[in-house]
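Thanks for coming, everyone. Let me put the structure up, and then we'll walk through it together.

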Amino acid sequence: MRNVHSIFLREIRSYFFSPIAYIVISVFLVASGFFFAGNLQFWQEASLKGSLDSIQFFLLLLTPVITMRLLSEEAKSGTIETLMTSPVTDFDVVFGKFLAGLGLYMVMILPTWIFVLFLSIFGNPDFGPIFSSYIGLTLMGGLFVSIGIFVSSLTRNQIVASVIGLISLILLWVMGFLSTYGDNWYYECLRYIGTFDHWESFTKGIVDTRDVIYYLSFTALMLFITVRVVESRKWR
Amino acid sequence: MISVKNLTKRYVNVAAVDNISFEVEDGDIVGLLGPNGAGKTTTMRILTCFMPATEGTATVAGYDVFNDSISVRQKTGYLPENVPLYLDMRVKEYLLFRARLKKIPRKHRRKKMGDCLEMCGITDVQNQIIGTLSKGYKQRVGLADALIHDPEILILDEPTIGLDPNQIIQIRKVIKDLGKKHTILLSTHILPEVEMVCNKVIIINKGKIVAMDTPSNLMNQLKSGSNVVLEIRGDGKKIKDSISRVEGIRSVVWREKGDVNEFTVEAAEGKDLREDIFKCIVKDNYILREMKRKTITLEEIFHQITTRETEEIVNNA
């Protein structure tokens, strides 16, 4: 765990040394603020309904940018060699980087509580769905970051990592829509695999253990595969 | 300290390292010598647990590189080729991060870092961002990182590559000093470096060990007779004939140089024939203008060994 902590700290620092954290966070906040205002005007309702869907969409677009460099940069610059020959396990490295990515993601969504503040000043929002939505956003962040880090482990090129990460997340999202076209068992599968359906119940104020398990297990699976990919340098 | 037995590393169908075995004793400075692509880096990567071998075993500081890899890594300091560093960090931050990863207790970290900074001569750049440093400084930051946890064994992959001559001399001095406290395995394809720094040389070519000994033994062994260069005035053909008759001569090469002749005489198996040759020349009344002995450098041995190897392969094919 100590190694995980060291790697986490280094990655977080590295985000803020480079302009990437600032760019991603400001793009996200400007965009989500704009959509919050728009939704508020349209629905005339003291809730995050609508705004949360756009927030989720921007997170989907921006997390690959957060995660793209996590492992690909190490491979490209060769620092993977110094890192992996110091007394740390592959899991320490992957998990530390995952937590750093998730950490930046949390830093990114934290300021959106200002929307909640506005709602409670000018209206009387129902806090249940708001809290559950943020639980949902966190769990979803874990999944997005784990997919991103997995893609990042596959290539040395950050641009490729971000594009493929983005495509994977969009596919995962679109799957949920596809499932509405039928009710066969495979539509049912698509519905389960896609993130959309699981996300939706959180916005309604429901924290269903099935959804929680979906996010956690999917995240764990991605991290597990990532560790295997990192290990694969040993037998390739 | 390091014991390698029948180590083989095969990539898809090429063997980068082919059944090599060697031992490194405590306190040795061993040079791994070979042309580019000989398998030096692969060997080092196996020893530092970056990748496992296809076959064979290796133990470092008493631990198996495959089964006890974390213990091995704790006991070795590794400077990879081209010195990969996080270019966005400051020297100090980087070394503290590495010290943390290498499990140095918090209270010793700063002191250890200070010692390493001083030993590698980078105290005055400790607050600089690594990306802004010159190649030589980066090399030293890499070396400081390899040293920071006081490892028993240092594995240095081409530690002087890409440095200017002054920096090379400095780094070599640092390595020599380190050799007093650590066991060092370093790779290089620069021969004088090995002669200067190492007390044991392993020459590898095409994944196989072709020679392994101390630099001086290697030179004695391979200097199959020393060469003597002569400059003599007189009839070249006759002189050549008479010198050739001296006992123990392997070959005489004659070259006309204006009105004098130059001969390169190779003696058999480490014999010193200078006196016999002199007597022979004086007896026939030729005029000897110059006589000098040419000693073989490691450079020539290396060339001999590695090219002999390729000739054999060509002949076998």
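This is a predicted model: local features need pLDDT of at least 70, side-chain atom pairs count only at pLDDT 80 or more; totals for chains, interfaces and linings use all residues.

Now the helices. In chain A, α8 covers residues 127-154 and α9 covers residues 158-178. Their axes sit 9 Å apart, and the packing angle is about 140°. Angles over 145 degrees would count as roughly antiparallel, and 65 to 115 as roughly perpendicular. The crossing of α8(A) past α9(A) is right-handed.

Who makes the contact? From α8(A) come Leu143(A), Phe144(A), Ile147(A), Val151(A) and Ser152(A). From α9(A), they meet Ala161(A), Ile164(A), Gly165(A), Ser168(A), Leu169(A) and Leu172(A). Sorted by class, that contact of α8(A) with α9(A) holds 8 nonpolar residues, 3 polar ones and no charged ones.

Next, a second pair in chain A. Helix α1 runs over residues 2-17, and helix α4 over residues 69-77. Their axes come within 12 Å and cross at roughly 90°. That lies between 65 and 115 degrees, so α1(A) and α4(A) are roughly perpendicular to each other. On the α1(A) side, the contact uses Arg10(A), Glu11(A), Ser14(A) and Tyr15(A). On the α4(A) side, it uses Arg69(A), Leu70(A) and Glu74(A). By class, α1(A) with α4(A) gives 2 nonpolar, 1 polar and 4 charged residues.

On to the cores. Which residues touch the most other members of the largest nonpolar core? Leu48(A) and Leu137(A) do, in a core of 114 residues. Helix α8 of chain A is back again here: it gives the most to this core, with 12 residues.

Look at Leu137(A) for a moment. Another core lies apart from the largest one. It has 26 residues, including Val4(B), Phe22(B), Ile155(B) and Ile202(B).

That brings us to chain B. Its secondary structure comes to 11 helices and 14 strands. The chain has 317 residues, and 50% of them count as buried. Finally, take the contacts in chain B between residues at least 6 apart in sequence. Of those, 67% join residues at least 24 apart.

That's my tour. Over to you.

Methods: Residues are numbered from 1 along each chain as its sequence is written. Chains are lettered from A and ligands numbered from 1 in the order in which they are written. Side-chain values use heavy atoms; hydrogens and water are left out. A nonpolar core is a set of buried Ala, Val, Leu, Ile, Met, Phe, Trp, Tyr and Cys residues joined through side-chain atoms within 4.5 Å. Buried means under 20% relative accessible area, exposed over 50%, partly exposed in between (1.4 Å probe, protein chains only). Helices (H or I, at least four residues) and strands (E, at least two) are DSSP runs, numbered from the N terminus. Axes are lines fitted to C-alpha atoms, for helices over the stretch in contact, and angles run from 0 to 180 degrees between N-to-C directions. A crossing is left-handed if the near helix is turned anticlockwise from the far one by less than a right angle, and right-handed if clockwise. Contact means heavy atoms within 4.5 Å. Ala, Val, Leu, Ile, Met, Phe, Trp, Tyr, Cys and Pro count as nonpolar, Asp, Glu, Lys and Arg as charged, and the others, Gly among them, as polar. Angles under 35 degrees count as roughly parallel, over 145 as roughly antiparallel, 65 to 115 as roughly perpendicular and the rest as oblique.
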